[in-house]
Amino acid sequence: MEIKLLRSFIQLIDSGHYGKASAKLFVTQSTLTKQIQALEAAMGGALFERGRHGAKLTPLGELLQREARPLLRLNDDVDRKMHRAIAGLTGYLDIGFGISTLAVAPRLIAGFRAATPDCSITLNDLPSREQHQRLLDGRLDIGFCRAPEDDRGLAFMPVVEEHLALALPSGVTMPAQDRLAELNELGFVALSPSRGPGLDDQIRRWCSLAGFEPRVAQYADDILTVHAIVSAGLGAAFLPWHGVRALAGSIRTQSLSGPGSKWPVGICWHRKHTSPLLAGFVDHVSKSLEFDHPASEWQSG
């Protein structure tokens, strides 16, 4: 059954006359008559009783009218949604984020939602490498994460420059950068390498270049737990500067300088797995982005 035939059927009912209905449908009376005849053939019986008073519904026509009106409303609703989706005004986005964008990602997403209220967004707290893999697999639309280690079809736009920070319990004196070995007596708490391989590599690289080997006394499965352990006075930690600032709490932080202390964090998406809504989100970030300038190196926070 064609939607066009149902529209002609309903218009004829509402107009009550072939001439008036054909004028509103911008077709000739002959064309409208053929459309109604085609619909009657599909339904298996007459839909109208023809007479001098116009078109009057038969019992079969009454039944079709009750079914056709909600069907046409549904079709119109689908059409509107599809046109809005094509324009990037509605749809679904699965977005990944990490600790480094705990402050900036919600701000950018909130701005996009205000401009695109019909979209639905799901947020996933995921390590950068898992975000990259999900983007490649088509299980994530966009991620706030580290830059991918190789291209593999992923696009990247930097949002903030992240850098390592030393986090200490509030009562522990902050040592000079060349005297970090003093903290090994207290010990370090670290994120499990399997949970944050990118951060683990960054810490290892910086420590190697700085000639320092931390004594890791405890591992944790998420950065919030690492932060809580440091706040409780049970160890020191190397954490992302922007992430630490977003968490705040009763700890002291100091950004680290030197080779290997900084890395870009931004939005990442698959070049081929795009949609108008995703393109709109990337455009929103590009236009509204205020690059966060890193704090002065070796500045207390």
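**Helix packing, a buried phenylalanine and salt bridges**

Helix α5 (residues 104-115) and helix α10 (residues 276-288) have axes that come within 10 Å of each other and cross at roughly 120°. The model is a predicted one, in which local features need pLDDT of at least 70 and side-chain atom pairs count only at pLDDT 80 or more, while totals for chains, interfaces and linings use all residues. Residues are numbered from 1 along each chain as its sequence is written, and side-chain values use heavy atoms, with hydrogens and water left out. Helices here are DSSP runs of H or I with at least four residues, numbered from the N terminus. Axes are lines fitted to C-alpha atoms, for helices over the stretch in contact, and angles run from 0 to 180 degrees between N-to-C directions.

On the α5 side, the contact (heavy atoms within 4.5 Å) is made by Arg107, Leu108, Ile109, Gly111 and Phe112. Their counterparts on α10 are Leu277, Gly280, Phe281, His284, Val285 and Ser288.

Phe9 has a relative accessible area of 0% and so is buried; buried means under 20%, exposed over 50% and partly exposed in between, with a 1.4 Å probe and protein chains only. Leaving aside residues up to four places away in sequence, Phe9 touches Ile36, Leu39, Leu47, Phe48, Leu57, Gly61, Leu64 and Gln65. Thr122, by comparison, is 113 residues from Phe9 in sequence and 42 Å from Phe9 in space, C-alpha to C-alpha.

Across the whole structure, a search finds ten salt bridges, each a side-chain nitrogen of Lys or Arg within 4 Å of a carboxyl oxygen of Asp or Glu. One of them joins Arg152 to Asp150, with the closest N and O atoms 2.8 Å apart. Arg152 is partly exposed at 47% relative accessibility, and Asp150 is partly exposed at 39%.

Another salt bridge links Asp200 and Arg204, at 2.9 Å between the closest N and O atoms. Both residues sit in helix α7 (residues 197-210), four residues or about one turn apart, and Asp200 is buried at 16%.

In α10, Lys287 and Asp283 are likewise four residues apart, so about one helical turn separates them. Their side chains meet in a salt bridge of 3.1 Å, N to O. Lys287 is exposed at 68%, whereas Asp283 is partly exposed at 36%.

Definitions and conventions. Helix = DSSP H or I, 4+ residues; strand = E, 2+ residues; numbered from the N terminus.
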